[in-house]
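Please look through the notes below with the model open beside you.

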Amino acid sequence: DANARSAELLVIDESPASGDDAHWLVRQVFADPAGDHDFGISAIVDLHASVARGEAVIVVRSVGAL
């Protein structure tokens, strides 16, 4: 539903966004009926590769407990 796709469940850390290894750390939290929000996807967005390809280049690091 709309709550499962809300911006509140997406965390983006833009702090490592400079230098040769520029990337964002992202986490998509899974909405669950109990409201625990303790599972999700953790990934890295490679900013240089994304610009070069013209689309987001995302490497999933883990899926599971946060």
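1. Lining of the pocket. The largest pocket is lined by Leu10, Ile12, Trp24, Val26, Arg27, Gln28, Ile41, Ala43, Val45, Ala56, Ile58 and Val60. Two or more of these residues come from each of β1 (10-13), β2 (23-29), β3 (39-46) and β4, and β2 gives the largest share, four residues. A pocket here is an open set of points on a 1 Å grid over the protein atoms alone, where a 1.4 Å probe fits, with protein on both sides within 12 Å along at least five of seven lines; lining residues have an atom within 4 Å of a point.

2. Basis of the model. This is a predicted model, in which local features need pLDDT of at least 70 and side-chain atom pairs count only at pLDDT 80 or more, while totals for chains, interfaces and linings use all residues. Residues are numbered from 1 along each chain as its sequence is written, and side-chain values use heavy atoms, with hydrogens and water left out.

3. The lining divides into ten nonpolar residues, one polar and one charged. The space in the largest pocket is about 180 Å³, a volume being the space filled by probe spheres set on the points.

4. Overall fold. Helices (H or I, at least four residues) and strands (E, at least two) are DSSP runs, numbered from the N terminus. The C-alpha trace spans about 40 × 20 × 15 Å along its principal axes.

5. Nonpolar patch. Phe30, Phe39, Ile58, Val60 and Val63 make a nonpolar surface patch of about 470 Å². Patch residues have over 30% relative accessible area and no salt bridge, and nonpolar side chains are joined within 5 Å. A salt bridge is a side-chain nitrogen of Lys or Arg within 4 Å of a carboxyl oxygen of Asp or Glu. Strand β4 (residues 58-65) gives the most to this patch, with three residues; Val60 lies in that strand and also lines the pocket.

6. Burial. Of the 66 residues, 20% count as buried, meaning under 20% relative accessible area, with exposed over 50% and partly exposed in between (1.4 Å probe, protein chains only). Is Ala49 buried or partly exposed? Ala49, in helix α1 (residues 47-53), counts as partly exposed because its relative accessibility is 24%.

7. A loop residue. Glu55 sits in the loop between α1 and β4 and is partly exposed, with a relative accessible area of 48%. Glu55 and Glu14 are 41 residues apart in sequence and 17 Å apart in space, C-alpha to C-alpha.

Technical notes
Patch = residues over 30% accessible without salt bridge, like charges linked within 9 Å, V, L, I, M, F, W, Y side chains within 5 Å. Areas by Shrake-Rupley, 256 points an atom, 1.4 Å probe, with all protein chains shown as cover. Nonpolar A, V, L, I, M, F, W, Y, C, P; charged D, E, K, R; others polar.
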